[in-house]
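Work through the exercises below with the sequence and model open. Try each task before reading its solution.

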Amino acid sequence: MNIENIPLGNNRTRGTVKVKGINNIRRKEIFWGYFFTLPAILGLLIWTIGPMIASLYFSFTDYKVVGDFQWIGFQNYTEIFKNDLNFKKSLFVTFYFAIGSTIFTLAAALFVAILMNISVKGQSLFRTMFYLPVIVPAVASNILWLWLFNPDFGLLNSILDFVNLPKLMWIYDESTVIPSLILLSMWSCGGTALIFLAGLQDVPKQLLEAVEIDGGNWWHKFRFVTVPSISPVIFFNLIMGLIGSFQAFTQAYVMTEGGPNNSTLFYVFLIYREAFQKNNMGYASALSWILFLVILIFTLFIFKSSKSWVHYGGGK
Amino acid sequence: MKLKTVNRSISLFVLIVGAIISLIPFVWLIRSSLMTTTEIFEFPPKLLPEEFQWSNYVEIFSIIDFLLYFKNTLIILIPVLIGTILTCCMCGYGFARLKFPGRDMWFGLIIATMMLPGAVTLIPTFLMWSELEAINTFWPLIIPAFFGGGGFFIFLMRQFFMNIPRELDESALIDGASHFQIFTKILLPLVKAPMLVVGFFTFMGVWNDFFGPLIFLNDEAKYTLALGLLQLKGSYAADWHLMMAAAAVMTLPAIVIFFIGQRYFIEGISLTGIKG
């Protein structure tokens with residue numbers, strides 16, 4: 001303990017040997033650190049940062065794959081905002097779908113998670129059943145739902161008919177197509193539900209019991225204990241859900257081909273059309289940067305607002 | 001006490017109803033895939049076919065080249081599995097266990113890419129592959145997997161490596177083992193379960209992938225199952241019984257693989273959301 005008691009010279013030599021050894025160990029650790037993470041770092045540079053810079057550059061050009069291209073400044077952007085009617089429609093449709101599908105899918109997932117959390121025999125089998133829709137490949141499930149949505153012979157209209165409700169046109173009518181696609185995404189909410197389930201299992205039991213002792217009912221428990229304690233999970237699922245649904249594409253390509261009357265012309269579909277069907281790479285790059293900014297603003301907004309409603313438990 | 005039993009019965013009832021709603025589309029898929037053309041267009045619909053038309057499943061193999069599409073999908077899937085599992089384990093280990101300057105910045109950037117819409121990098125990536133004359137080859141769908149497999153998997157593996165006691169590495173280091181030996185001999189055998197999870201998600205990703213093949217492959221002989229199925233939709237739009245059979249064939253392998261490892265997968269899926 002007493003430093004002065006230790007012979008000075010001895011200490012010094014020991015010290016240098018130690019420092020040298022540590023330096024060597026440190027150097028090795030740095031080398032191996034970069035060695036092991038090199039794939040990800042290279043990947044980040046090659047597949048993300050490089051293409052982002054290139055895409056930003058292209059967005060200021062009239063690049064069309066064939067022939068020369070030149071720098072045209074903000075012309076793509078002004079064209080998009082001033083003259084592109086599809087852009088406005090597409091932005092509206094994408095917002096409508098993204099917000100609707102995020103809210104309804106989250107609600108469905110939370111509900112399913114609560115079901116998955118009930119202690120009954122064979123619960124693992126139920127959990128599997130709720131997760132199964134997630135496993136169906138997107139194209140296969142889209143073709144299946146195309147059949148379920150069929151206005152003349154589909155299952156959904158048969159059910160409506162059976163309970164004496166008027167039939168719907170589902171994905172074949174402009175007013176019902178987005179709600180129909182939201183219904184489809186609610187069907188495969190099992191993945192999100194599993195993440196909610198993990199959160200539900202961490203809800204402190206003593207708090208739930210405390211509410212019960214104070215005479216609270218299930219709603220009080222849900223509202224004042226469960227929701228606050230799973231708020232970080234709600235936050236995570238909300239962000240991931242929004243980012244995912246802003247990028248919806250397959251449903252529109254396989255099921256509706258953007259129609260009827262462009263009512264499912266999702267934003268990524270619009271980019272796909274411009275880039276790969278019309279070869280307007282510069283224009284499409286500008287479109288994609290607008291999408292990026294929109295998602296960024298949304299995400300930042302949710303992050304900001306999260307401070308008032310996301311509660312992290314004491315230690316975290 | 002009595003109230004509790006009532007509550008439990010209601011819960012169980014809702015649970016069963018929920019599960020049935022979740023499963024109905026599958027039932028419809030299978031029953032429609034076993035019907036004749038006339039049966040499938042009856043209204044109100046019949047629950048079960050009069051006679052199971054197993055021949056539908058044979059017929060789809062003769063109208064589209066399912067086996068070729070299956071082979072193409074495997075040619076992409078196998079290297080992607082190897083690349084993703086190998087490199088995401090390496091990166092997860094590096095970010096969890098080794099200290100080096102800039103580590104947290106790189107990790108932060110890699111995590112941030114999870115929020116980046118794919119559309120932003122899509123066009124330059126496509127142009128790059130087209131510069132390399134790799135359009136209509138499988139390379140654009142395979143090579144990126146060897147770069148860590150994406151932020152999500154790196155994050156997942158890092159979580160697992162962080163949970164393994166440090167004493168293991170430290171005592172091995174004192175015994176003179178290198179970081180490479182620690183990784184391959186000591187830590188890798190301990191993360192088999194998350195490797196399975198990554199493998200399952202990767203399989204699902206490739207099996208499901210529609211956008212990638214749509215953009216990079218245009219020769220029919222190179223099509224994957226997802227594109228093949230879509231092609232069927234284009235040419236046999238009215239033959240719902242065949243489309244349902246084809247959709248069922250494409251779904252089956254995914255479900256079989258899920259059932260084999262479901263315990264790991266369900267744990268893995270829930271783990272990704274909570275820790276971080």
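**Exercise 1. Two helices of chain B**

At what angle do the axes of helix α4 (residues 66-97) of chain B and helix α8 (residues 151-162) of chain B cross, and within what distance do they come?

Solution. Bear in mind that this is a predicted model. Step one: take the geometry. The axes of α4(B) and α8(B) cross at roughly 55° and come within 7 Å. Step two: classify the angle. Roughly perpendicular begins at 65 degrees and roughly parallel lies under 35. Therefore α4(B) is oblique to α8(B). Step three: assign the hand. This crossing of α4(B) and α8(B) is right-handed. Step four: list the contact. From α4(B) come B:Thr84, B:Cys88, B:Cys89, B:Cys91, B:Gly92, B:Tyr93, B:Phe95, B:Ala96 and B:Arg97. From α8(B) come B:Phe153, B:Ile154, B:Met157, B:Arg158, B:Phe161 and B:Met162. Step five: sort by class. The contact of α4(B) with α8(B) has 11 nonpolar, 2 polar and 2 charged residues.

**Exercise 2. Two helices of chain A**

Find how α2(A) and α3(A) are oriented to each other.

Solution. First, the axes: α2(A) and helix α3 (residues 85-116) of chain A cross at roughly 75° and come within 6 Å. Angles of 65 to 115 degrees count as roughly perpendicular. So α2(A) and α3(A) are roughly perpendicular to each other. Next, the residues: A:Ile80, A:Phe81, A:Lys82 and A:Asn83 of α2(A) meet A:Leu85, A:Phe87 and A:Lys88 of α3(A). Last, the classes: the contact of α2(A) with α3(A) divides into 4 nonpolar, 1 polar and 2 charged residues.

**Exercise 3. The nonpolar core**

State how many residues the largest nonpolar core has, and trace the contacts of B:Phe95.

Solution. The largest nonpolar core has 188 residues. Helix α14 (residues 240-274) of chain B gives the largest share of this core, 14 residues. The residues with the most contacts inside the core include A:Trp145, A:Phe196, B:Phe95 and B:Phe210.

**Exercise 4. Residues inside helices**

Decide whether A:Ser141 and B:Leu227 are buried or exposed.

Solution. A:Ser141 lies in helix α5 (residues 138-148) of chain A. Its relative accessibility is 8%, so A:Ser141 counts as buried. Beyond four places in sequence, A:Ser141 is in contact with A:Val136, A:Leu184 and A:Trp187. B:Leu227 lies in helix α13 (residues 225-235) of chain B. B:Leu227 is buried too, at 4%. Not counting residues up to four places away, B:Leu227 touches B:Phe210, B:Pro213, B:Leu214 and B:Leu217.

Definitions and conventions
Residues are numbered from 1 along each chain as its sequence is written. Chains are lettered from A and ligands numbered from 1 in the order in which they are written. This is a predicted model: local features need pLDDT of at least 70, side-chain atom pairs count only at pLDDT 80 or more; totals for chains, interfaces and linings use all residues. Side-chain values use heavy atoms; hydrogens and water are left out. A nonpolar core is a set of buried Ala, Val, Leu, Ile, Met, Phe, Trp, Tyr and Cys residues joined through side-chain atoms within 4.5 Å. Buried means under 20% relative accessible area, exposed over 50%, partly exposed in between (1.4 Å probe, protein chains only). Helices (H or I, at least four residues) and strands (E, at least two) are DSSP runs, numbered from the N terminus. Contact means heavy atoms within 4.5 Å. Axes are lines fitted to C-alpha atoms, for helices over the stretch in contact, and angles run from 0 to 180 degrees between N-to-C directions. Angles under 35 degrees count as roughly parallel, over 145 as roughly antiparallel, 65 to 115 as roughly perpendicular and the rest as oblique. Ala, Val, Leu, Ile, Met, Phe, Trp, Tyr, Cys and Pro count as nonpolar, Asp, Glu, Lys and Arg as charged, and the others, Gly among them, as polar. A crossing is left-handed if the near helix is turned anticlockwise from the far one by less than a right angle, and right-handed if clockwise.
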